[in-house]
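Please look at the sequence and the 3D structure below before reading on.

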Amino acid sequence: MSADQPKRLILNLFEMNCVSHITHGLWRLPDNNRHRFNDIGYWIELAKLLEDGGFDAVFLADVTGAYDTFRDGPETALREGLQIPSNDPLMVIPAMAAVTEHLGFGVTFSTSYEPPFSFARRLSTLDHLTNGRVGWNVVTSYLPNAARNFGLADEIPHDDRYRKADEYLDVLYKLWEGSWDDDAVIADRVGNVYTRPEGVRYINHVGEHFAVAGPHLCEPSPQRTPVIIQATASPAGVAFAGRHAEMVFTGGSTREQVSRGIESIKDAAELNGRPRDSIKVVVQAGIVVGRTLEEAEQKRLLFEQNASVEGRLAHASLPFDPTAHEPSVTVGQALAAEGKSEHPAASFLPVDVTVADFIRDFVASWEDQFFVCGTPETVADSIESWLDDDGIDGINLRQYHSFGTAQDFIELVVPELRRRGRLPQRRAADAAPRTLREVLFGGEARLQEPHIATRYRGGANLDSALLPLELGSRAPTG
Ligand SMILES: Cc1cc2nc3c(=O)[nH]c(=O)nc-3n(C[C@H](O)[C@H](O)[C@H](O)COP(=O)(O)O)c2cc1C
């Protein structure tokens with residue numbers, strides 16, 4: 001990017017294969033389609049809308065357990081449709097890919113419970129079926145219930161999850177990058193040779209957590225390794241991102257906090273010999289836009305009035321119920337009354353504030369650094385400031401209404417951002433499709449050196465493992 005060219009916005013829609021992802025209570029709004037998540041038609045309509053409207057990607061969150069800490073059970077989550085029921089995010093991608101050519105797909109999958117071999121195959125399959133439009137949001141999972149769904153008594157400790165994830169990615173890189181040569185498949189009908197056997201190899205990985213022989217079952221896909229995405233702020237997570245991630249979700253309640261987070265991520269990339277701009281930084285953004293300020297404010301009011309505080313408390317896995325106490329009771333007293341003073345999460349709570357203030361602050365935290373309500377011009381001003389002053393590269397647009405949020409953004413904000421050179425102009429009908437990595441970085445479809453995955457190209461280094469990940473220090477919490 002030249003100095004006089006404005007920084008271009010990476011534009012993703014934040015989604016989940018469920019009724020209520022983050023804006024709890026709002027699925028009830030008129031014409032909201034969220035209850036249609038079981039219907040393949042929902043995903044097809046959404047994909048067409050986003051591609052036509054100029055979005056780069058749809059980002060699919062996922063969890064593999066129920067939110068059952070709040071009120072000691074899953075009842076609130078179930079009543080609210082809060083990420084339960086929820087379907088597999090990988091399965092809707094082929095439907096969306098079949099009706100689009102350019103839209104990217106960021107999909108979440110956890111490294112903590114299911115072994116890497118079959119996951120490598122699933123992602124390679126998706127990378128083939130989408131012509132290289134897949135990114136993977138690497139998570140290590142934070143729900144205690146998820147651990148119990150996969151045979152564990154409780155969550156794996158935080159930093160151990162990242163160590164395990166590091167080996168998980170090592171196995172995947174060996175399969176994706178090292179197991180097959182580009183010219184292994186020759187599809188020679190006359191000679192009856194589909195694959196030259198000498199172009200394919202076992203990986204024979206034996207590590208602390210995994211033993212995987214290979215060979216990978218898929219031939220090389222357009223990107224081989226999908227775009228590696230991650231959401232983190234902890235020292236261990238940032239160290240992991242420095243080694244692996246190409247796009248990181250971050251956030252913060254103040255400009256200083258955000259900029260510290262971004263700098264630490266870029267520092268971590270540099271520590272791994274990678275350029276600072278080899279990791280794109282994306283934040284979750286709340287945007288309420290109207291043709292006039294009054295129209296925008298009316299929408300915001302509608303969202304505020306219908307938002308479910310209980311849903312948000314359950315989503316935050318709060319170890320106590322602030323709504324069950326007199327407003328003047330302090331958080332500390334409420335915790336004690338519920339016998340939760342020693343709960344691991346209690347140490348993060350402001351024990352001296354009243355539950356009334358706690359709830360008020362909790363609700364207000366929704367409208368953080370990356371929230372704007374206004375006209376297309378004021379929204380575009382904010383986005384420009386996020387890009388230029390906060391140093392972010394893109395947004396994951398939070399949905400208050402499906403498909404209203406995306407439609408509003410496409411109709412009102414996209415044209416304004418295009419006028420300001422922050423989004424590419426409408427693509428020509430015959431524009432050649434690009435892989436997600438090319439869309440995000442403008443370079444090659446495949447990962448480039450010095451990314452650590454490239455060390456296995458052509459079968460090199462397969463008998464070695466990555467050096468142990470140097471994790472920063474952190475309090476030993478879950
Ligand atoms: C925008 C955003 C999206 C996330 N999506 C998911 C998700 O879909 N599934 C999940 O298990 N965790 C998700 N997380 C949580 C992260 O994976 C991670 O647990 C969290 O950011 C804390 O990481 P840290 O302990 O390294 O700081 C998300 C976090 C953020 C900020």
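One aromatic cluster is formed by F109, F119, W136, Y168, W176 and F210, where rings of Phe, Tyr and Trp (its six-membered ring) pair if their centres lie within 6.5 Å, and planes under 30 degrees apart count as stacked, over 60 as edge-to-face and the rest as tilted. This is a predicted model, in which local features need pLDDT of at least 70 and side-chain atom pairs count only at pLDDT 80 or more, while totals for chains, interfaces and linings use all residues. Residues are numbered from 1 along each chain as its sequence is written, and side-chain values use heavy atoms, with hydrogens and water left out.

**Aromatic pairs**

- The structure holds 18 aromatic pairs, and one of them is the tilted pair of F55 and F409, with 6.0 Å from centre to centre and 55° between the planes.
- This pair links distant parts of the chain, since F55 lies in the loop between α1 (40–53) and β2 (57–61) and F409 in helix α14 (residues 404–419), 354 residues apart; helices (H or I, at least four residues) and strands (E, at least two) are DSSP runs, numbered from the N terminus.
- Both F55 and F409 are buried, a word that means under 20% relative accessible area, whereas exposed means over 50% and partly exposed lies in between (1.4 Å probe, protein chains only).
- The ring centres of W136 and W176 are 6.3 Å apart and their planes stand at 85°, so this pair is edge-to-face.
- Because W136 lies in strand β4 and W176 in helix α6, the pair ties together parts that are 40 residues apart in sequence, and both W136 and W176 are buried.

**The ligand**

- The ligand is surrounded by 15 residues, of which the closest are D62, H158, Y162, T232 and S234; a residue counts as near if one of its heavy atoms lies within 4 Å.
- An oxygen atom of the ligand is 2.6 Å from an N or O atom in the side chain of H158, and an oxygen atom of the ligand is 2.5 Å from an N or O atom in the side chain of Y162.
- The elements that give two or more residues to the shell around the ligand are β4 (134–139) and α6 (158–178).

**Lysine 340**

- K340 lies in the loop between α11 (331–337) and α12 (355–364), and K340 is buried because its relative accessible area is 15%.
- Not counting residues up to four places away in sequence, K340 touches D72, P319, L335 and A346, where contact means heavy atoms within 4.5 Å.

Definitions and conventions. Polar contact = N/O pair within 3.5 Å; in protein donor to acceptor, adjacent residues only side chain to side chain.
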